[in-house]
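Here are a few exercises to work through with the model open beside you. Try each task before reading its solution.

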Amino acid sequence: MSAPAQGRLGPLMTWGFAVLMLILAGVCVWLGTWQMHRLAEKEALIAAVDARLTAAPISVPDAESWEGLNLEALNFQPVSLTGAFRYNQTVTVFTSLANARGPASGPGYWVVTPFALADGGTVFVNRGFVPEAFQEAAVTDPEGETGQVTITGLFRPGEKAGFMTPEANTSDRIEWVRDPQRLAKLVDPALAPFAPFYVDLPAGAPGQLPQGGETVVEFPNNHLGYAYTWYGFAVVAVVMLGFWLWRQRRGG
């Protein structure tokens, strides 16, 4: 029995390689299709958020509904709250503000103040941004209306700390994420229960600090490009397999 020609593989190895390449192409097609589904979901989310941003404010969910509340379904929804600020419990959250809508930007802090609801419970309200030099003044300023008021802002789910997020600086009242659970540890526990979300205030008068209206509404949407990339890999795998089989039939 003669040996296979130089440069050619046996039938078993040839079919095995062909099947492997076809499986690879199939996986790439599946990944491309999955990215197309993700694209549809992201476009639906963007449309829903755009509709919420222009909707009339709704009453903020009351404390009895906070457990099990679908936070993402209300993300960026305008809400109204009635209650009183607790300015002496203000906490600052470090940030670096880029693409600011107001004049202040760069390294600084979000000024987050507990807002005691008239119906019970406390919501953290992000009053806006201040530059680094104003951090101490933000947490020690005793001034401000402490009577009952009604305010309107954007509903925001709490941020989650990563495994590299440092612990809060309790002496200077500085946090690193807008996580209501972490913020609650820096304020009077008598204000409990604390909402699992916070509220961003809109912009105030020009030049006013804290500088509100800096909510970032942005959803990275690269799924179409990823889909094209995976589909391209599938086409390349099939073309390369066809060329390789043609070379095998010609004897290498």
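A cavity is a set of grid points where a 1.4 Å probe fits but cannot get out. Keep in mind that this is a predicted model.

**Exercise 1.** Find out how many cavities of 30 Å³ or more the structure holds, and describe the lining of the largest cavity.

*Solution.* Start with the count: there is one cavity of 30 Å³ or more. Next comes its volume, as the largest cavity has about 30 Å³ of space. Now list the residues around the largest cavity: Trp110, Asn126, Gly128, Asp200, Leu201, Gly212, Gly213, Glu214 and Thr215. Finally, sort this lining by class, with Gly counted as polar: two residues are nonpolar, five polar and two charged.

**Exercise 2.** Work out how helices H1 and H4 are arranged relative to each other.

*Solution.* First locate the helices: H1 spans residues 11-53 and H4 residues 223-249. Their axes come within 8 Å and cross at roughly 165°. Angles over 145 degrees count as roughly antiparallel, so H1 and H4 are roughly antiparallel to each other. As for handedness, the crossing of H1 and H4 is left-handed. The contact of H1 with H4 involves 22 nonpolar, five polar and two charged residues.

**Exercise 3.** Describe the order of the elements and the overall dimensions of the protein.

*Solution.* Begin by counting four helices and eight strands. Read from the N terminus, their order is α-β-β-β-β-β-α-β-β-α-β-α. Then turn to the dimensions: along the principal axes, the C-alpha atoms fill a box of roughly 100 × 35 × 35 Å. Last, check the radius of gyration, which is 28 Å for the protein, whereas a compact globule of 252 residues would have one near 18 Å.

Terms used
Residues numbered from 1 in each chain as written. Predicted model: local features only at pLDDT ≥ 70, side-chain atom pairs only at ≥ 80, totals over all residues. Heavy atoms only, no water. 1 Å grid on protein atoms, 1.4 Å probe; cavity = no way out; pocket = protein on both sides within 12 Å on 5 of 7 lines; lining within 4 Å. Points joined across faces, edges and corners; volume = space filled by probe spheres on them. Axes fitted to C-alpha atoms, helices over the stretch in contact; angles between N-to-C directions. Helix = DSSP H or I, 4+ residues; strand = E, 2+ residues; numbered from the N terminus. Parallel < 35°, antiparallel > 145°, perpendicular 65-115°, else oblique. Left-handed = near helix turned anticlockwise from the far one by under 90°. Rg over C-alpha atoms; globule rule 2.2 N^0.38 Å.
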